[in-house]
Amino acid sequence: MTDLKEELSATMYCILLSLREERHGYGIIQHVADFTAGYVQIGAGTIYTSLKKLERAGWIDRTRTEERRHYYVLTERGTRALAEQTRRVERLYAYGRGIA
Amino acid sequence: MTRRTAWFTAFVHPTPSRLENWLELQATRGWEPRELDDMSAIRMHLQSAKPAKVRYVVDPQQKTDASYRATYEDAGWTYVGELSSLHVWRRPYKGTRPEAFTDRPSRRARDVRMAWATGIVGTLALLGALTRVILGVAHIGSSAGDWPLEAGLLALIGVPLAAVTVALMRRRPPADSDRD
């Protein structure tokens, strides 16, 4: 299991948010575009490589495969990483509030 | 003319984005590859087609699973084929040029995957050239006199590939529209 050492990108963060429920690659693309109102767009190449990376890091698990589509969901480790990242974003938001 | 052949395309356009740009230019001129195989890196057959705005994506992937194609196809891409571990996808479009790699880390990872491929082939070619020089100078082998030509040809392949590998490893992919 390899750990993700770099700071999470907006894309990775949104993928983790989306995988609080079981979804497949394209399902995540649609869900992220939906809940960010199109602000974060994820391409097919990006989602495929990101899911492989998150799976290798043990942050997500493959739950099943249906019609060539792998379904994934957050693991406990991924949930902890998401919570940590959310706290980081909240702190940054608090520092920047009032400027924008 | 309904068919033409392009030679050494993958060598003349050795990075994913350059190969994509070249394929897109061919599409606007009414030429498209219908199928690709390992030989297409050297000899690519193009078929006549209606000139169109088509986005091509070149994705270097050594190993893919079933979900790879499903993910791209769900997102509206059509598989063209694979040439030497470079998977090629196409998607006609109007308006904004669609992207398959939408953030900087995944674009960087794609460059690194490509660099591995060019690095391995380039290193093998340079090692081959070096071996041929050593064997030629030592007069080992039956066609010892041919070594300058053979070593030169191998170096001609190896040097540009080594240069591309270094450039890919040092490149910072453009941020484009990503917000990371």
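Colleague: What share of the contacts in chain A with a separation of 6 or more comes from residues 24 or more positions apart, and what makes two residues a contact?

Modeller: Two residues are in contact if their C-beta atoms, placed from the backbone, lie within 7 Å, and of such contacts in chain A with a separation of 6 or more, 49% are between residues 24 or more positions apart. This is a predicted model, in which local features need pLDDT of at least 70 and side-chain atom pairs count only at pLDDT 80 or more, whereas totals for chains, interfaces and linings use all residues. Residues are numbered from 1 along each chain as its sequence is written, while chains are lettered from A and ligands numbered from 1 in the order in which they are written.

Colleague: Why does the radius of gyration of chain A agree with that of a compact globule?

Modeller: The radius is taken over C-alpha atoms, and the globule rule is 2.2 Å times the number of residues to the power 0.38; for 100 residues a compact globule would come out near 13 Å, and chain A has 14 Å, so the two agree. Along the principal axes, the C-alpha atoms of chain A fill a box of roughly 50 × 30 × 20 Å.

Colleague: Why is Thr79(A) called partly exposed?

Modeller: A residue is buried if 20 or more other C-beta atoms lie within 10 Å of its own, exposed if 12 or fewer, and partly exposed in between, with C-beta atoms placed from the backbone; Thr79(A) has 15 within 10 Å, and is therefore partly exposed. Of the 100 residues in chain A, 36% are buried.

Colleague: Which helix gives the most to the side of chain A that touches chain B?

Modeller: The contact takes 19 residues from chain A and 23 residues from chain B, and helix 3 of chain A gives the most to chain A's side, with seven residues. By class, that side of chain A has seven nonpolar, 10 polar and two charged residues, where Ala, Val, Leu, Ile, Met, Phe, Trp, Tyr, Cys and Pro count as nonpolar, Asp, Glu, Lys and Arg as charged, and the others, Gly among them, as polar.

Colleague: Where do the domains of chain B lie, and how do you know their bounds?

Modeller: The bounds come from an automatic or database domain assignment, which gives domain 1 (3-92) and domain 2 (104-170) of chain B. Their centres, taken over C-alpha atoms, are separated by 24 Å, and seven residues of domain 1 of chain B are in contact with eight residues of domain 2 of chain B. Chain B comes to five helices and six strands, and 34% of its 180 residues are buried.

Conventions:
Helix = DSSP H or I, 4+ residues; strand = E, 2+ residues; numbered from the N terminus.
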